[in-house]
Amino acid sequence: MRSRVFEIIDKEQERQQNNVELIASENFVSEDVLRAVGSCLTNKYSEGYPTTRTSGNKGRYYGGCEVVNELEEYCCDMWRQAFHTDYHVNVQPHSGSNANLAAYMSILQPGDTILSMSLSNGGHLTHGSPVNFSGKLYRMAFYDVDEHGFIDYDAMEKLARQLRPQLILAGASAYSRVIHFDRIAAIAAEVGAYFMVDMAHIAGLVAAGDHPSPFGLADIITTTTHKTLRGPRGGLIFCKPELAKKVDSAIFPGTQGGPLEHVIAGKAVAAEEACRPEYAEYIHAVVRNCKAMCDEFLHMGYKVVTGGTDNHLFLLDLTDTGITGKAVQDELDRHGITLNKNCVPGDTRSPQQTSGVRIGTAAMTTRGYTEADFRAVAHRIDAVIQELRAAL
Ligand SMILES: *Cc1c(COP(=O)(O)O)cnc(C)c1O
């Protein structure tokens, strides 16, 4: 008898095929990634690390790990190749949030101070939200964006001098501009703080050379593998070699048990893909498409946070339209267009309502959308917003 689960999966597949997917953190993985994640590797327990990886580590705790050792070594090598780096890498984090938890634990004590970008300005939950472990375990301070929506590096520098944080964190979930890692690294060096970059959203752009690289500047770099990197859901931590032991033990035994070797296999396939020239071409198209769609909204008279985009996403600021982000998200759902409501800097509406929406081009570019397709979608979204306004 066929499991009911596969009927449900078929429905989701149909939804994914028929909708225009504009959620900036989503993508469509290759058949090879799917096959790797659905493989027999899910059966294997392999707590620990291949002995060759970090000097002095105790190896795996179970027998029968020869094959997964080979897999994990290969996965690490391929990710280093994808980012042209000799940093140490840990491929075991189950998610981006787990990667951040372990990264903090590897270099901080509870109560230490982290200076990061607040959720309301485009940061992530794990960057110190009071409802998240990060906000509960650490003393958080936040840098802001200026009145145009750009990171205010001068204000960040002042704050850093005042607070002397143990860690300065760069990276965001809803920031459409280049992040100047060199500037932040200099601030961190001046105040004696560790510098960490969470490149979850822009990692694909870093790999393709479409965003400045944090390698060589940051002490620790975390990322997800499922956003612009187009791999399975999961996380990675890169670090300078001197932090390798601390990072590895913060993942296991610090915060996780057995690694998900089937997901690590999917990550390895994604890394192979990210090393190919076609992948860089794909990312260039994502960025080009994003500019085209953003420009179309600007031409139609919409307000965009920072007035444009340098990457794979942008934020429509709907404040002047009187329509909430939630209303637009819900109505677009009924029209087969999927995106998410998002606060804009200085938003007066709650995170449940919001005055903006976030739009990303990574997923539909995978599906083959061109600039013309994205411009057409911009007009479909405009039509829905006009209807909502007419009904006010
Ligand atoms: C998506 C994201 C994460 C967390 O990823 P999960 O895999 O959902 O835990 C962490 N940091 C940033 C900046 C993100 O955008």
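Student: Which polar backbone atom is 2.9 Å from an oxygen atom of the ligand?

Tutor: A polar contact is a pair of N or O atoms within 3.5 Å. Here, an oxygen atom of the ligand lies 2.9 Å from a polar backbone atom of Gly96. This is a predicted model, where local features need pLDDT of at least 70, side-chain atom pairs count only at pLDDT 80 or more, and totals for chains, interfaces and linings use all residues. Residues are numbered from 1 along each chain as its sequence is written, and side-chain values use heavy atoms, with hydrogens and water left out.

Student: Which side chains have polar atoms at 2.5 Å and 2.7 Å from the ligand?

Tutor: A polar side-chain atom of Asp198 is 2.5 Å from a ligand nitrogen, and an N or O atom in the side chain of Lys227 is 2.7 Å from a ligand oxygen. The protein covers 86% of the 390 Å² of accessible area that the ligand has on its own (Shrake-Rupley method, 1.4 Å probe).

Student: How many residues surround the ligand?

Tutor: A residue counts if one of its heavy atoms lies within 4 Å. The ligand has 14 such residues around it, with Gly96, Ser97, Ser173, Asp198 and Lys227 the closest.

Student: How are two packed helices described?

Tutor: By the angle between their axes and the distance between the axes. Axes are lines fitted to C-alpha atoms over the stretch in contact, and angles run from 0 to 180 degrees between N-to-C directions. Helices are DSSP runs (H or I, at least four residues), numbered from the N terminus. Helix α3 (residues 66-82) packs against helix α10 (residues 261-274) at about 35°, with axes 8 Å apart.

Note on methods:
A polar contact is a pair of N or O atoms within 3.5 Å; within protein, one must be able to donate a hydrogen and the other to accept it, and residues adjacent in sequence count only if both atoms are side-chain atoms. Helices (H or I, at least four residues) and strands (E, at least two) are DSSP runs, numbered from the N terminus.
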